[in-house]
Amino acid sequence: MKIIITGAGEVGAHLSELLSAKGHEVTVIESNEQKADLLDETLNAKVIKGNGSSAGMLKRAGVDRCDFFLGLTSDDRTNLIACSLAKVLSSKVKTVARIHDQTYSDNSIINYQLHFGIDYLLNPEALCALELAKAMRNPSRLAVENIARGQVEVQQVTVSKSSKVAGKTLRDIRLESGVRIGFIRKGPDVSLPTADTVLETGDVVALFGKPEDLLDVRTQFDPGCRLDTVRVVLFGASEIAISLLRVLNNPRFKIRIIEKSENLCRVMAERFEHVTIIQGDATSLRVLEEEQIDSADYFVACTKDDEDNIMTSLQASRLGAKHVQLVINRADYQEVISTVKTTLGVELIVSPRLATANEILRAISTEMILELASLERAGAKIVEIKVAPDSAIAGKMLREISLPEGTVIIALLHKYAAKVPGPDDSIIGGDRVVAIVRTENLSALKDAVE
């Protein structure tokens, strides 16, 4: 593929190197002469010095012949303009823009992604927040990837004796539209359900749907169920912290933020009235002890200072925080910290650079079927299917599609929105379908959608 990247910062340079190594034809546009000269010496890619949001520069780079255009500069507006121009100059190009300002993710007044015609709009801080929140939002702590960038999630619930669904087949159970049963655990056995599967008391059911829909559906399986309160402490009122607050917007999350800056504390208190804001330095052992970090379910160090994040995570772990998560901003720290995270007592390390790079690699992959997660005990995988315009399933309703036995479709991504589809939903070329499929049926699934 021919790929043009504007912006050769950490993410842009990292992706340029990876994509060149995979044999893609990569062109990098970089306005900083020093960076451009360095890249020209070290990268197996064409490097052009100039403004990536200039139509003339894009034509010179060959945007009319490229497959993907990636706007990865540090300036959101440059990325948006560059991607919009690329769309005007080429009818076939797919565009990816990295943005940091939450303004461009807010669709309440205008959908910026639709307005600028951008195929993928990625916010590194939001991607990190989704990864950090995955275990917090899912009480079963099921290890699966975020589906549709957090728009669809999975929760597990146990069928109780008082449930009206006990003893019924799935065919006879009426679920809210937008919720799907993905798999069922009966004792030590995990299986993918069919319409004739009978639910029994004690079965653990994995429900897929939008977070707000799942809370209501859980009571069908366990009328007395209630999700426990989760106590979360965030160190730093950063963009990642703000993204986390938006993801953890359910009252069961009791969140405190420890922030050094008095001004930032004031701003956060005005924006998020339900959050407790504490002005203080979490690198201080005394502050952590005063805030009773030992009672926290999750401690997340998410400032922009990696050294502070590392040391504070170490202190929080030793004080008894149940789960410690760490944000690493600098690329050269990522590998060494990952090797000693168990020693540090850190459960999860996330990196904005890696999160963005991985998401972009997934977006530009030419593979028809991408594996998102493995459900080893069920002998199954969660996969994402890219539906080509000439695919055998394009233009058909879900009820008209014949898929391998045991395959469960759990999400449909159409343009900029995602949902759990019903039988009358149509799939069109360009959509992405997320499904659970038995491992031995992967080849059959590929044949069915080609």
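I began with strand S11 (residues 230-235), which is joined to S14 by 4 bridges, the two running parallel. I took strands (E, at least two residues) and helices (H or I, at least four) as DSSP runs numbered from the N terminus, and I call two strands paired if DSSP finds at least two bridges between them. Across this pair, Leu-234 stands opposite Val-300 in S14.

A note on what I am reading: this is a predicted model, where local features need pLDDT of at least 70, side-chain atom pairs count only at pLDDT 80 or more, and totals for chains, interfaces and linings use all residues. Residues are numbered from 1 along each chain as its sequence is written, and side-chain values use heavy atoms, leaving out hydrogens and water.

Next I followed S14 to strand S15 (residues 323-327): they run parallel too, joined by 4 bridges. Here I found Phe-299 opposite Val-324 in S15. From S14 the chain passes through helix H11 (residues 306-319) to S15, a right-handed β-α-β crossover (clockwise from the first strand over the helix to the second, with the strands pointing away from the viewer).

Then I checked the side chains of S14 (residues 298-301): Tyr-298 and Val-300 point one way, Phe-299 and Ala-301 the other, and all are buried (under 20% relative accessible area, with exposed over 50% and partly exposed in between; 1.4 Å probe, protein chains only).

Last, I turned to an open sheet of 6 strands with parallel pairing, ordered S3-S2-S1-S4-S5-S6. Its edge strands are S3 (46-49) and S6 (120-122), each pairing on one side only. Strand S5 (residues 94-98) and S6 pair in the parallel sense over 3 bridges, and I noted Leu-122 in S6 as the bridge partner of Arg-98.
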